[in-house]
Amino acid sequence: MHTDSLRRQLLIRLLWPLAIILLLGSVFAYFFALHSAVNAYDLGILNDALDISRQVEVRQGRMALNLPTAARQMLQTNNEDRVSYAAWDETGQVFAGNPKLQMADMLSPDENHLFQDIELEGEEQRALLLRDKAEGRVFYVAVAQTVHGRDHLTGGIFASILIQI
């Protein structure tokens, strides 16, 4: 007849709850890391879209983007991700950027921007649709960025949280 020692019984009874707590802590840590990385990347995309919208003007009755070449190159320069953009008027006429990025207006009247996850050219991307006005005319700017850097940042935040646990 084999009887477990008191120490072994306590260890077994404590390990299961401890394992569950560690697992739940890891799940919460991952979602915290993902939320932090998404917020950081969303802020960068919003800044890009606002920079682009400030360069939209009306020339001879038509919308145009006056984005200098240096600014265009800076916008598209990124170590890990590819950034693309598009701008179009309220009739749907694209006047700058990648026409494949044109999105349906899903903004309510009291909203001026909306973030969403999309697939563009076979890659998962984080995108922003921004509505703005130039000389009283409504236009839209969309900026999309691949999520490689965001995923890398999420992993780094998650690892640093787990090291502390």
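Colleague: Where in the protein is confidence lowest, and where is it highest?
Modeller: In this predicted model, confidence is given as pLDDT, the predictor's score for each residue from 0 to 100. Helices (DSSP runs of H or I, at least four residues) and strands (E, at least two) are numbered from the N terminus. The mean is lowest, at 75, in helix H2 (residues 69-76), and the highest, at 95, belongs to S6.

Colleague: And what is the mean pLDDT of the protein?
Modeller: Residues are numbered from 1 along each chain as its sequence is written, and side-chain values use heavy atoms, without hydrogens or water. Local features need pLDDT of at least 70 and side-chain atom pairs 80 or more, while totals for chains, interfaces and linings use all residues. Of the protein's residues, 96% reach 70 or more, and the mean is 89.

Colleague: How do H1 and H3 lie to each other: parallel, antiparallel, perpendicular or oblique?
Modeller: Helix H1 (residues 6-53) packs on helix H3 (residues 148-164) at about 140°, with axes 8 Å apart. Axes are lines fitted to C-alpha atoms, for helices over the stretch in contact, and angles run from 0 to 180 degrees between N-to-C directions. Under 35 degrees is roughly parallel, over 145 roughly antiparallel, 65 to 115 roughly perpendicular and the rest oblique. H1 and H3 are therefore oblique.

Colleague: Which residues of H3 make the contact with H1?
Modeller: Contact means heavy atoms within 4.5 Å. On the H1 side, the residues include Ser26, Tyr30, Ser36 and Tyr41. On the H3 side they are Gly149, Arg150, Leu153, Thr154, Ile157, Phe158, Ile161 and Leu162.

Colleague: Is Ser36 buried, partly exposed or exposed?
Modeller: Ser36 lies in helix H1, and its C-alpha atom is 8.3 Å from that of Ile157, 121 residues apart along the chain. Buried means under 20% relative accessible area, exposed over 50%, and partly exposed in between (1.4 Å probe, protein chains only). With a relative accessible area of 25%, Ser36 is partly exposed.

Colleague: What is phi of Gln60?
Modeller: Most residues other than glycine have a negative phi. Gln60 sits in the loop between strand S1 (56-59) and strand S2 (62-65), and it is exposed, at 84% relative accessible area. Though not a glycine, Gln60 has a positive phi of about 50°.

Colleague: And what is phi of Glu121?
Modeller: Glu121 is in the loop between strand S5 (113-120) and strand S6 (123-134). Its relative accessibility of 46% makes Glu121 partly exposed. Glu121 is not a glycine either, and its phi is positive, near 55°.
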